[in-house]
Each structure stands twice: as C-alpha cells, then as structure tokens.
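Thanks for coming. I'll keep this to salt bridges and then stop.

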Amino acid sequence: MQNPFRPTAGASPPEIVGRAGVLDEFAYGLRLRSGAPGLLTVFTGARGVGKTVMLGAAEDLARTQGWAVVSETATRGFTGRIGHAMRRLADELGSGPRGRRLTAVTAAGFGFTTQLPPEQQLEWREEGLRLLRLLEEQETGLVLTVDEIHAADRQEIVQLAADVQHFIRAGLPIGLLFAGLPAAVSDLLNEGVATFLRRADRIDLHAAAIDEVQRSYVEIFAAGGFTLDEGRARRAAEATGGYPFLIQLVGYFLWQEAERVPSAVTDEMVEQAVAAAHRRNERVVIEAALSTASPRDLDFLRAMAQDDGPSTAGDIGARIGARPNTVGNYRTRLIDAGLIEPAGYGLVRFAIPGLREHLRQRPQQGARA
C-alpha cells in the first residue's frame, strides 16, 4: 500500500476527518436539482483548515450524481474561463446521446484568461442558459466551484452572482460553491457587492476533534499493515491540533518512518514525523502567510505571541507602544490577512496553527513604523 496521505494544497486525503454531515444539505440539493439552499454554499476558515478539500469533495459528490462540474480559482478573468467551459460543455452535450452521465471540466485547462468585456456578458448568460437547458433535459445539472473568492475582482463577482441568480429564477439546475478566508468573505458579502450571495449557506470550517484524528490514524495505518497503538496515535493526533493540513503532514511523514522499519511504530518515529511536519508547515503555510506582513504587523504578532492564549487589544497596545485606534487598524488588517481571528469581545488569537511558536523562535526584526 502506497503512502495514502497527501499534504498538498487541495489534494484529496485518505479520509476527510471531522467533516461528517457537512455536505448533507448539498447532497439533498443535488436530488432536488433547483433552488435548494445547499446548492448555494460558501466554505470559510483559516489557512490549512481544508476549504479547498471540501470543494473537491462536493465536486466528487456532484459527479457521482451525474452533474457537470466547472472548477475555478478566483484569479483575474475567472468568469470568462467559466463561460468558455460552459460553451465547451454545451457543444459536447448537444451532440451526445440522451441520458449519459457527465464528468467534470476544469475551466483553467482551456487557457482562456481574459475577462469578459461588457458586450460579451450577455453571451455568457446565453451560454449558461443553453447548457443548463440541455442538462435539465438529461435530469442532471451544473455545479460551479470557485476557490479563494476573497481575491476575486468585485466586478466579476457581481457578474457571476447576477447570472447565477438569473439561472435560479428560471428554475434551472445550478449550484454555486465557493471558499475563502472568513473576514474577507464577510466583507465581500456585507458590502453589497453581491447581495444575492448573502443567502449562501455559510459553513465555517474548524479543527477536527483530536479523538477523530487518533481513530483515523489507527485505522489507516492498520490498513497499510503497520501497528500504531492508541498512545502513539494520540501523540501524533495532538501534534496536528486537528488542522487538516497538519493531519496530512504528520500522517505522511509518520508513514515514511514506518516504511523504513516495517514493524510497530515507535515513539522515536512519532517524534521524527511530528518535527518534520512542523518544519514543513512553517515553510509552506506560516512563512508564506507572513511574507506580506510589514515590520509593524510583525510587532503586533510578536506582542500577541507573548500570551499563551487569546490577547487583549490593551495588552498589545502597551507592548508595542500604540494607541487604541492604531491597534484597531492593525487588528483589522491581520484578520483580513487570515493571520489572526476574533476570540471574543476585545480578544484576538492566532488563526494558523504553529504561528505563535514560530514567532517566539524568530529573532526580533523590523523597525517600528
């Protein structure tokens, strides 16, 4: 059995831990095929919590029901790429036999990257209507998934929302699922750019329970022929904090350790795997997240890192010598960046596992600005 763990952004894990029931409303919507609340869903959560994985799981579920899938990331021109993919699907389906089941189309594969000019926006809607009517005849539908929606151009969001709303009003089988960082998604939905999207079923993804991670490790390693006892599985699970990306990282490196000495997993193997996973998490997630932080942002974060739990605005301000309004501005910016999150009235906490420890180990750098 090959190593089943896939610690790569968006890759399908051997088991989606702690997400039981999350897609139930979406699955029910696939049965109803038009107008069901679950067909309009947004996934939010911190980096590494599994938003992209959940989009992938929804896509797989839609495919098993014979629905067409167009998968996109909200980089510039994504609505144009979706329109191009719908045209290709409609052309394919229009000449095909009745009753066949469709497979997914990844819009990015067509290389169509320009944003639709105004004169082509009506054509985009017409392409969608043509495809959806063909799918309606086949008793299936279309699911659109858009990742990293927080980075989207607002005008493209307006266009997408308006057209999807039009399709829903026409009673056509359309689903829209998107994902993004919590604060940025909230801003997007609350500022009136895409009022229709406020009706989306919002699912805030959090860390999985350690007990579930432990059970998953024991079962997966047993399936591979390795003996991982409950105590060592618990140690490995606790090191993940329940975060899906770390679950995959720890599992991946622990499997590598077990392959070298194919017998019972030892304490040393667990420690080696946990250390390797945390090093990789620092490089891939934490350092990337901090790459756009200013020196003053880092001052704010290091002030937070002095606490073992949530931090108060007053304590942070005293430590960095800033007035309340300045602290508030940096607080808002770091929440939008997905580095910290609210933890109650006047409190904030780190949104990325391992960020506190990383900051405590880093030397003081950056002038105050």
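Start with one side chain: is E257 buried or exposed? This is a predicted model, and in it E257 has a relative accessible area of 19%. E257 therefore counts as buried, the cut-off being under 20%. Its salt-bridge partner is R260, with the closest N and O atoms 3.0 Å apart. R260 is exposed, at 56% relative accessibility. Both residues sit in helix α9, residues 244-260, and 3 residues separate them, about one turn of the helix.

That pair is one example; the structure has 22 salt bridges.

E127 and R87 form a salt bridge, 3.3 Å from N to O. E127 belongs to helix α4, residues 118-137, and R87 to helix α3, residues 78-94, which puts them 40 residues apart. E127 is buried, at 12% relative accessible area, while R87 is partly exposed at 25%. The two also belong to a network of salt bridges that links R87, D91, E127 and R130.

Last one. Which residue does the side chain of R360 meet in a salt bridge? The partner is D308, at 2.7 Å from N to O. As for accessibility, D308 is exposed, with a relative accessible area of 69%, and R360 is partly exposed at 43%.

That's what I have.

Methods
Residues are numbered from 1 along each chain as its sequence is written. This is a predicted model: local features need pLDDT of at least 70, side-chain atom pairs count only at pLDDT 80 or more; totals for chains, interfaces and linings use all residues. Side-chain values use heavy atoms; hydrogens and water are left out. A salt bridge is a side-chain nitrogen of Lys or Arg within 4 Å of a carboxyl oxygen of Asp or Glu. Helices (H or I, at least four residues) and strands (E, at least two) are DSSP runs, numbered from the N terminus. Buried means under 20% relative accessible area, exposed over 50%, partly exposed in between (1.4 Å probe, protein chains only).
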